[in-house]
Each structure stands twice: as structure tokens, then as C-alpha cells.
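Please read it next to the coordinates.

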Amino acid sequence: AAYLDYFAYLGSLSDNPLWYEVSAGNVNLFMLDSEASPDQLGEQREWLRSALTESRSTEPGDWNIVMFHRPPFTSGPHEPNLEMRPDAGWDYRAWGADLVVTGHQHVYEELEVDGLPYLVAGVGASELVRPCPTDLTDGSSGCVEGYGAILVTATGSTLTLDYRKPDGAAGSTVRTLEISRSE
């Protein structure tokens, strides 16, 4: 209730304000509630499938990013969220997602699973910093400790995500993930 009171505008974005879509330029963000009940997860899954499919057919040059809290794939200290994996019915890639971004781990990690990039970016401005694990899960291309922010730049053919440490006005780029496609 406190979340919805604070973010009262979310009610205008979706029938259920705990999952919704917002757009910034040619980037569509599909926000999900990974902490929902099984029934609500089913509702969200159908909503996301429909919303991604519609977005891809109406605006083919847009980038579709799915975001939620607990990652389905991760090397981090917390267990992966098995309920949000493709084999549990979440076919992000086939529905039109270009990237899945999650948090929770307090590390930055890039993964690719079945051709879809996953980004664990649970490091925000929190002072809770966890070390990167020595053993990375299949599909992981690296892990970065410490907090930071991601600068997203999108063109019709490239989505660039620069992970930056807050060590100056613009921060210094520590890692860059670039996703490309033909226009």
C-alpha cells in the first residue's frame, strides 16, 4: 500500500499498477512484479506476452526491455528466480524482448541465455556491496562489484548500456553491453 501511495501515478499506466509499461524515446520498459502470487504471475505473463507482441508489431524499431526484481539467471549469492525463467512459461525472446534487466544480487552481471541478454544490475546507490562469486553460472560473461548506474543509449540498430561508477560528474565506464540488430 505504501508503494502505491507513493507512486500513485502507476494506476494510470496499467490495470494493475504493480506491472506496467513506460516508454522513453524508442525504449519501452516493461516493469513486472517478481514477488507476486502464482495467480498474479500468470496474469502478468499473459499481459507481458500481449504487450510485447503488440509493441513489436506497432513500433518495429523500438527496443523492449523487461525489468523485475529477482533474476532468473545469476551467479550472485541469492538463488535464481526459477518462476520467471523461460522454461516456466516466460518466453521473453519469442514475445519480442531485447533484454531482461533484474536486480537483487548487489552485483552487476551480464549473461546470455538462449540468445537473449540478461543483465543483473542490483547495485544502485546502496552501500550494501557483495563480492562477485568466483564461479560464474553458464552464460555469464562477467561480474562487477560495487555500486553504480547504467546509462542507456538507443538508436534504431544499437542498444548500448554503459555501467558507470560514481567517481566524478559523469562517472567512469566500467563495462559496456552493446546489443545490435539490423534496421
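Predicted model: local features only at pLDDT ≥ 70, side-chain atom pairs only at ≥ 80, totals over all residues.

1. **Salt bridges overall.** The count comes to 5 salt bridges. Three of these pairs are taken up below, including E35 with R70.

2. **E35 and R70.** Their side chains meet in a salt bridge, at 3.0 Å from N to O. E35 sits in the loop between β2 (27-31) and α2 (38-58), and R70 in the loop between β3 (63-67) and α3 (92-95), so the pair ties together parts that are 35 residues apart in sequence. E35 is partly exposed, at a relative accessible area of 46%.

3. **R175 and E110.** Here the salt bridge has an N to O distance of 3.1 Å. The pair links distant parts of the chain: strand β10 (residues 172-180) holds R175, strand β5 (residues 108-113) holds E110, and the two residues are 65 apart. What is the burial state of E110? Its relative accessibility is 6%, and buried means under 20%, so E110 counts as buried. R175 is partly exposed, with a relative accessible area of 24%.

4. **R164 and D162.** This salt bridge has an N to O distance of 4.0 Å. The cut-off is within 4 Å, so please check this pair by eye. D162 counts as buried, at 13% relative accessibility. R164 is partly exposed, with a relative accessible area of 22%.

5. **Length of α2.** Which span should α2 have, at 1.5 Å a residue? Its 21 residues should span 30 Å.

6. **Packing of α2.** The buried residues of this helix are L41, G42, Q44, L48, A51, L52 and S55. They pack against β1 (20-24), β2, β3 and α3.

7. **H104.** Most residues other than glycine have a negative phi. H104 has a positive one, near 75 degrees. The residue is found in the loop between β4 (99-102) and β5. H104 is partly exposed, with a relative accessible area of 22%.

8. **H106.** Where does H106 lie? It is in the loop between β4 and β5. Its phi is positive, about 65 degrees, although H106 is not a glycine. Buried or exposed? H106 counts as buried, at 17% relative accessibility.

Notes. Residues numbered from 1 in each chain as written. Heavy atoms only, no water. Helix = DSSP H or I, 4+ residues; strand = E, 2+ residues; numbered from the N terminus. Buried < 20%, exposed > 50% of the residue type's maximum accessible area, 1.4 Å probe, protein only. Expected span 1.5 Å × (residues − 1). Contact = heavy atoms within 4.5 Å.
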